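Open your viewer and get ready to click along. We will go from one stop to the next, selecting as we go.

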Amino acid sequence: MTRNFAAWPIILLLTVLSLPLFVMYLFLLVDTFSNTAPGSLLPNEFTLEHWRFLIDPTITGDVWKPTLTTFLFASSMMVIVVSVSATAGYALSRLALPFRRFVLSGIMVMHAFPSVTLIIGVFLVLQFAGLYNSLTGVILVKASLMLPFGIWIMKGFYDAVPWEIEMAGVQDGASRFTVWRRIILPQVKPGLLSLALFAFIDGWSEYMLPRILAPSSDFEVLSMYLNTVSDPNSSTYNFNIFKSVGLFYTLPVLALFVLFQNRLMNIFGGGTKG
Amino acid sequence: MRTSSPYRANLLGLAFMTPAMVLLLGFFFLPVVLTSVFAFTNMSTATGISGGSYVVTGNLLRSLTDEGLDAKTIKALRQSSYIIDQAGLEKARTAGVDAKFITEIGERLKDRSFTSSSAFERELKTLPSRPTRVRDLKIAASAFEQSVLNVRYASRGEMEAALSHMLENPPQGAVEQIATASYTGWTWTTENFKNLVIAPDTWRIVGNTVFYVVLTLAFNVLVGLFLAITTFYLPSAGSGFFSILWLLPRITPVVLYAVMWKWFTWEDGFVFNIAQDLGLPAFNYMKGSVASAWTVVILVNGFVGASFGMILFSGALKAIPVQQLWASEVDGASRWQQIRYIILPHMRWPILFVTSYQTLSLLSSYEQIWLTTNGGPGSTTTVWALEAFKTALNNYTGNLQYGLGAAMALILVAVGLVLSIVYLRLFRFDEMMSKPKIEF
Amino acid sequence: MQISINNFTKTFDGTPVIDDMNLTIRDGEMLALLGPSGCGKSTTLFTISGIHRMDRGQLMFGDRDVSGLPSQKRNVGVVFQNYALYPHMNVFENIAFPLTVRKDNKADIDREVRAIAALTHISELLERRPGQLSGGQQQRVALARALVRKPDVLLLDEPLANLDAKLRLEMRSEIRRIQLETGITAVLVTHDQVEAMSMCDRIAIMKKGEIVQIDTPADMYSNPRTSFVAGFLGNPPISFLSGIAMENSFSVAPIKLRVPLGVHEGIADGTQLKLGVRPEHFGPEGDIAVEGKIAFAETQGRENLYDVALADGSVLRSIQPAGRNWALGEPVRWFIDSKSAFVFSNDGQRL
Ligand SMILES: Nc1ncnc2c1ncn2[C@@H]1O[C@H](COP(=O)(O)OP(=O)(O)OP(=O)(O)O)[C@@H](O)[C@H]1O
Ligand SMILES: [Mg+2]
């Protein structure tokens with residue numbers, strides 16, 4: 001490494017800049033296990049009472065049903081994104097298609113394009129398709145909005161697989177499908193895994209789409225649940241409780257992130273090689 | 001026999017593309033089309049999104065008067081008339097009116113009409129088998145009542161027929177005018193754009209959007225760069241800590257993230273308490289003043305976006321040949337000089353990339369603002385995307401104006417489309433498209 | 001199986017790469033496609049294998065027209081330059097892959113794979129992953145995988161380019177041994193003339209998408225049709241002198257050199273000519289004397305290599321057995337063996 005210049009002012013600046021984040025996340029953790037006297041900053045007692053919502057549905061309502069729904073939502077969306085991106089990415093990377101260039105540019109534009117602007121149009125599509133207020137509709141929309149990104153990422157991974165391996169497979173008598181299935185797919189496993197993780201995390205965290213596209217349906221995902229709990233007009237208004245709920249909600253994401261941090265980095269950068 | 005192009009459409013390719021194409025067409029292409037189409041309608045909750053029906057309401061009559069329809073026609077529309085016809089007799093029978101009375105009405109008053117209920121009832125009272133109770137008389141009378149007011153007609157033809165039936169010698173074109181005005185469904189219009197241009201709010205919101213995008217972008221890029229460079233020089237334990245800390249906002253679900261900011265900035269929140277202890281002004285910083293609300297909005301979004309820059313810039317930094325850095329140190333360059341003359345020149349493209357990419361996503365982002373300040377206080381922190389979203393999908397009054405919202409979104413879509421095409425050109429992504437090498 | 005390519009033309013994005021090529025590979029022979037980089041060797045190979053389509057022309061395997069068939073229906077084994085082993089499969093699975101996609105039964109697959117592994121001497125590597133193999137071992141695996149299906153043709157695209165010098169020598173004879181043992185028709189793409197000469201029955205020399213000459217290594221060496229061929233074969237390479245025809249002799253006036261043209265009599269005086277002299281045909285013995293200075297000397301152990309600069313600046317190369325060593329700058333009077341020298345017209349055609 002390079003010589004370490006003395007740079008205390010810089011480190012100080014970095015610390016000050018990071019302070020809000022640090023404080024927020026520190027107290028997110030601390031407050032769920034403690035009580036603080038009103039008007040004071042520091043906690044004065046350890047307690048587990050803020051976690052009672054896990055077993056006592058009278059506090060904030062049953063938390064396990066939304067958890068299960070969220071899990072279903074995130075995993076079905078993950079399955080759709082990964083499988084559709086895995087096939088489309090391969091086709092765009094390797095196969096002769098009519099209008100291939102056009103489709104590829106279209107997908108790149110969509111990848112760069114901010115998809116939330118389409119929400120009104122999506123709303124209308126769901127209305128017409130009769131999928132408004134349904135979990136299926138929201139899953140399909142969420143998966144579709146992530147597709148350009150997923151296809152783009154997967155195409156990048158496929159592009160990195162040497163053509164010779166594919167040619168060898170074809171020479172060995174395998175059909176293109178067999179080649180994809182048995183030779184190419186194993187090569188892009190890291191890509192599939194990263195994309196799956198990312199899609200799952202993204203689906204798990206999603207708030208806006210269920211809220212807008214299924215406002216009065218009978219399913220509730222954790223983000224909506226948390227938002228209800230943390231509504232300042234509700235009788236259960238208590239920062240410590242909804243911090244616990246929030247932490248409970250975020251824990252799976254944090255765990256995945258910590259476990260697979262390196263795999264996710266490329267994807268968090270937007271899958272861009274700019 | 002062989003075609004001139006060596007590439008043959010590949011069935012497997014088509015099969016592999018189909019699911020993606022279906023989803024993209026359905027949820028990207030179609031929404032864009034619908035957004036553009038409905039931007040030219042007055043669709044709202046009131047009109048519904050499928051077709052409407054034809055109703056003449058009291059409100060409509062008032063506005064027709066304003067439009068200059070003659071008073072006689074209006075009066076006629078407002079009034080009910082009583083016509084003794086087969087349908088009326090039928091209706092009276094089902095309403096349980098005495099059969100003898102009905103027969104009498106049919107025989108004596110057949111095909112007569114009355115313009116007021118009192119005249120008709122007076123006439124009825126002269127009939128021998130009239131009911132004794134006034135209430136029964138009124139029931140019988142009402143069976144023959146005919147009015148267009150508040151009656152729903154499914155098609156224009158039915159409405160026009162009813163109008164012609166009601167109005168004797170209507171003025172030229174009146175029937176058509178009333179029928180058109182009575183339509184409750186949505187209609188085509190360019191009003192949305194006209195209204196946007198003349199509304200003073202529009203320009204305030206544009207101003208807000210520009211302000212928001214520029215400041216947040218500056219925060220993102222500068223802090224991202226600062227983080228990338230400092231973590232690059234820091235020993236790995238420190239740099240690891242800071243990069244994870246800064247990545248947290250990006251992976252934290254937005255709802256929780258918003259709640260954390262509320263805790264941080266609200267009354268009785270963290271900053272509030274500190275300010276109070278220090279004797280500084282303590283209030284709800286998220287909503288209490290315009291300046292503090294903007295600060296919160298920019299920080300909330302800035303902290304999320306900074307990690308994007310940080311990751312890309314760190315990647316670019318690691319790609320700088322270490323020899324160059326060593327060489328500069330041997331040459332006695334200070335750290336600042338090293339950054340200025342070696343690192344920053346390498347960062348030109350990543351900076352441009354992050355800038356253009358973030359511009360696009362910031363232009364259309366509203367989730368965080370919505371969940372924190374919700375555009376307030378007043379509408380001081382309302383940006384274009386938030387306003388479009390609220391207009392179309394999240395309105396307190398309950399009347400969602402899909403048409404106007406779509407018009408606002410369409411402008412955003414157009415800007416986004418142009419910017420994304422420009423930036424694809426700029427970064428020459430099309431060079432990544434090589435032809436398939438297996439030609440069979 | 002005999003392979004014939006008729007009137008083959010190939011264009012990439014409007015750039016012609018192969019122009020009207022005709023080539024026949026005899027049953028059971030090993031043919032080298034030899035030529036400089038970019039001349040279209042790989043393109044030809046990939047066309048035979050079914051990766052590339054012909055723009056025009058016909059490809060016959062025996063009397064079967066395979067021009068329109070994809071690779072899967074051609075039964076061709078290919079060894080790629082970077083071996084292209086499947087990284088996630090072990091050696092056994094790699095070799096077995098062609099048989100498993102053919103849905104052979106397990107016992108047959110096992111037997112075939114072990115037989116071919118024995119032939120290629122990799123029996124003890126079957127459990128390993130490609131990443132755990134040396135370059136030479138990977139090469140053998142690739143060869144085994146290409147051969148296990150008993151293909152009609154074996155195609156090798158620069159199979160030795162990624163090996164170090166010693167391994168290259170070893171694999172050279174290995175590949176030839178296996179080809180001879182299996183009796184398979186094989187095409188070897190290379191730009192190394194030594195490889196082509198030592199491994200193959202015949203060599204086809206290519207230049208800019210055309211086959212310039214096709215012959216056995218010995219005939220090609222002793223009887224090149226053009227100066228390009230002559231220059232391509234032989235190490236150290238042939239050297240050329242420029243001159244004109246003068247009274248049935250090749251003449252370089254400034255140095256008073258005259259080499260009788262012998263059989264090529266009757267060339268008009270003044271015609272521009274080139275004389276090609278192989279290093280072994282220039283030395284202290286011979287018939288046409290040339291004076292010059294040693295401009296470069298290199299000891300190769302058994303032999304020494306010299307460049308002799310003539311008075312007009314042109315250079316003749318010579319290879320001499322070690323023993324009497326000439327020093328750099330030493331003036332010499334050596335001789336050209338005029339009967340072994342090649343005469344070319346100015347555009348490179350042999351006369
Ligand atoms: N897929 C392709 N698209 C466009 N041009 C190509 C393609 N493949 C080959 N070429 C061009 O065709 C020519 C012949 O290529 P080829 O690979 O056959 O050469 P080669 O003789 O194998 O060379 P080398 O010894 O370097 O491998 C080259 O000029 C090359 O640039
Ligand atoms: Mg090649």
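**Stop one: two helices in chain A**

Helix α7(A) passes helix α8(A) in a right-handed crossing, meaning that the near helix is turned clockwise from the far one by less than a right angle. This is a predicted model, in which local features need pLDDT of at least 70, side-chain atom pairs count only at pLDDT 80 or more, and totals for chains, interfaces and linings use all residues. Residues are numbered from 1 along each chain as written, chains are lettered from A and ligands numbered from 1 in written order, and side-chain values use heavy atoms, without hydrogens or water.

Select residues 163-171 of chain A for α7 and 176-187 for α8: they pack at about 125°, with axes 9 Å apart. Helices here are DSSP runs of H or I, at least four residues long; axes are lines fitted to C-alpha atoms over the stretch in contact, with angles from 0 to 180 degrees between N-to-C directions. Now show the side of α8(A) that makes the contact: A:Arg176, A:Val179, A:Ile183 and A:Ile184. Contact means heavy atoms within 4.5 Å.

**Stop two: where the chains meet**

Colour by chain. Here 110 residues of chain A are in contact with 105 residues of chain B.

**Stop three: a helix from each chain**

Select residues 239-259 of chain A and 236-251 of chain B, both called α12 in their chains; their axes come within 11 Å and cross at roughly 135°. Which residues of α12(A) meet α12(B)? Show A:Val253, A:Leu254 and A:Phe257, which meet B:Ile244, B:Leu247, B:Leu248 and B:Ile251. This crossing of α12(A) and α12(B) is right-handed.
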